[in-house]
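Here is a short report for a reader new to this structure. Look at the sequence and the model first.

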Amino acid sequence: MIRPRVIPALLLRGQGLVKTVKFKEPKYLGDPINIVRIFNDKEVDELVLLDITATPENRGPQFDLLKNITSEAFIPLAYGGGIRSMNDVRKLLSIGIEKLIMNTSAVENPSLIRETADHAGSQAAVVSIDVKKGLLGKYEVFTHCGQKKTWLDPVKHAVEMEKMGAGEIIINSIDRDGTMQGYDVELVRKVADSVQVPVVACGGAGNLFDVSEVIKQGHASAAAAGSIFVFQGPLRGVLISYPTPKELKEFI
Amino acid sequence: MTEYRMCKRCVMDTSDPEITFDKNGVCNHCHTYDRLVREHIVDGEAGRQRLEKLVADIKRAGQGKQYDCVIGVSGGVDSTYVAYLVKKLGLRPLALHLDNGWDSELAVKNIEETLKRLEIDLYTEVLDWEEFRDIQSAFLKASTPDSEIPTDHAIVAILGNMAAKLGVKYILIGNNVRTETHLPSAWSEGHFDWKYIRELHKRFGTRPLKTFPHFGFFTYYMRMITQKRIAILDYVHYTKKEALRVLQEELGWRYYGGKHYESIYTRFYQGYILPVKFGYDKRRCHLSSLICSGEMTREQALEELEIPTYSPSMQEEDREYVAKKLGFSDEEFNTVMNAPKRSYWDYPSYGHFMEQPIIQAMIPSVKKVMALFQ
């Protein structure tokens, strides 16, 4: 059996990487080129890179920066943020991005998922769904980096996206983001049990037990995490880390 | 052009433009080494007592505080050994790391492993990369041989700032007499000189400095009075060989090749830019210190100097990476490499100020006053 993937998720804000808490309080982590290079040298399974200000700033991907980043990474790189057209998709593929992650576009222009899947294969068309719990405990989908409520239900949305050709769904809990209190296992399981394609859990990992739990109990195919791979210790000192193959085998 | 000469005792040579030799052909750096060893290294029972007193002082000053001292960690040998030593001595350190955007995977892994095993908390100061890149580019364009000064200055600044913030008096540093005394000032001068950094950046930088950690003239002297920077490795029988053994066996630490090669930029700067552009091979001073401390023979050092600073293919890889990170085209990088060499003294600095006769005349009395506070 193939071990489930464990994926560092990195957030790009302007030219630098940050880590947020509940999509707020961005803490600066440094230059993306060097950080990606370190993860590359650590031989991570793959990397997720999300430009969190692209859509709110109503702009596309920063192709020049991404090109410098991909040239340091010999691992599969998934990118999301401001992908709005097939032109963006083609350009990103040409500079070495393997997977295209769409969030706002998936809601506003779902045919782009279909076109991407037709053009590059469904494995390249990834939909990420940002979810927040409403006042009554109901899960709701947000776009524009958590700023815009859509009234969509995450499970129905995921099923819809699978129909459009998405080859993978990333389910990201806004409430758990950066809290390190564990994934929203219930949310992940609901989505994972409703679709056939791989579901990547994101938001809340505090340690490798959490990662293992969301895979076993949440039925996720893979787990993405930020804080545990960029912070160390009680003071959250910025330090890039990734479990060794032995540690991964032990936990997952 | 002076004739080529090499010291009879160590391997320092006339690539240091200011080197002088005594009648036996021994260089000034060796004499400095002997003097510093005499002044700072205490062996045997007296050394043990001195260390005991230091530890007691640190513990007393840190009573009731979360940490009693701060240390810097880079992932390199000296700083990691300091971390090991202070824990062994029962102190409660906070570790600070300066992330200047050039950490190698080995460096961060070494920091992670050692701090976890030693149970030391970590605080990281991440330099704003866009700003720091501008400073590093400015130093390269200024054509002086000391492009590591901004990093060294920032490290001293963040250690001092954190100690002040925590109300901690002691900063324990990895600098030490035995392994790093032969550094010619012509190769790198003005580490504490904020005016030099600022003026140089004003001339060659392209954006304002807003967040770069620094300290001015006044703060520097105030901190000499209020804080204590202790070169703790001078308090123990510190040898590279033994340190490497301890770190590898007890802390899961991994070696990275050369002195300060844990940073990609430092590796490239010391291993490529300095020798190729300036004709300075920094290994000369490091090896010379080790010769004087008895860790290696002069013959071994000469043999080592025959080997390239590091593998040429890796140098080429680093050159591409550095150019990319700094945003230099090949042409711009070649311009930097071919630009006429300048020195610290070609730019405004506190150094110029200190050189004035009236200030020079005042130094002895200032030193006396400072001594009263210490």
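The report covers the model, the interface, and some local details.

## The model

This is a predicted model, in which local features need pLDDT of at least 70, side-chain atom pairs count only at pLDDT 80 or more, and totals for chains, interfaces and linings use all residues. Residues are numbered from 1 along each chain as its sequence is written, chains are lettered from A and ligands numbered from 1 in the order in which they are written, and side-chain values use heavy atoms, with hydrogens and water left out.

## Where chain B touches chain A

On chain B, 29 residues are in contact (heavy atoms within 4.5 Å) with 24 residues of chain A. The two chains bury about 2200 Å² between them. Carbon and sulfur atoms hold 55% of that area. Buried area here is the accessible area (1.4 Å probe) that two parts lose on being put together, summed over both. In chain B, B:Glu105, B:Leu122 and B:Lys324 lose the most area to chain A, together 26% of what that side buries.

Three salt bridges are counted between the chains. A salt bridge is a side-chain nitrogen of Lys or Arg within 4 Å of a carboxyl oxygen of Asp or Glu. One of them joins B:Lys324 to A:Glu72, at 2.6 Å from N to O. Several elements give two or more residues to the chain B side, among them β2 (93-99), α4 (105-118) and β3 (121-126) of chain B. Helices (H or I, at least four residues) and strands (E, at least two) are DSSP runs, numbered from the N terminus. α4(B) gives the most, with seven residues.

## Strand β5 of chain A

Strand β5 (residues 77-80) of chain A is covered on both faces. A:Leu77 and A:Tyr79 are buried on one side, A:Ala78 and A:Gly80 on the other. Buried means under 20% relative accessible area, exposed over 50%, and partly exposed in between (1.4 Å probe, protein chains only). In a regular strand the side chains alternate between the two faces of the sheet.

β5(A) pairs with strand β4 (residues 47-51) of chain A in the parallel sense, over four bridges. Strands pair if DSSP finds at least two bridges between them. A:Gly80 is the bridge partner of A:Leu50.

## B:Thr179

B:Thr179 sits in the loop between β4 (170-173) and α7 (194-204) of chain B. B:Thr179 is buried, with a relative accessible area of 3%. Leaving aside neighbours within four places in sequence, its contacts include B:Asp78, B:Tyr238 and B:His286.
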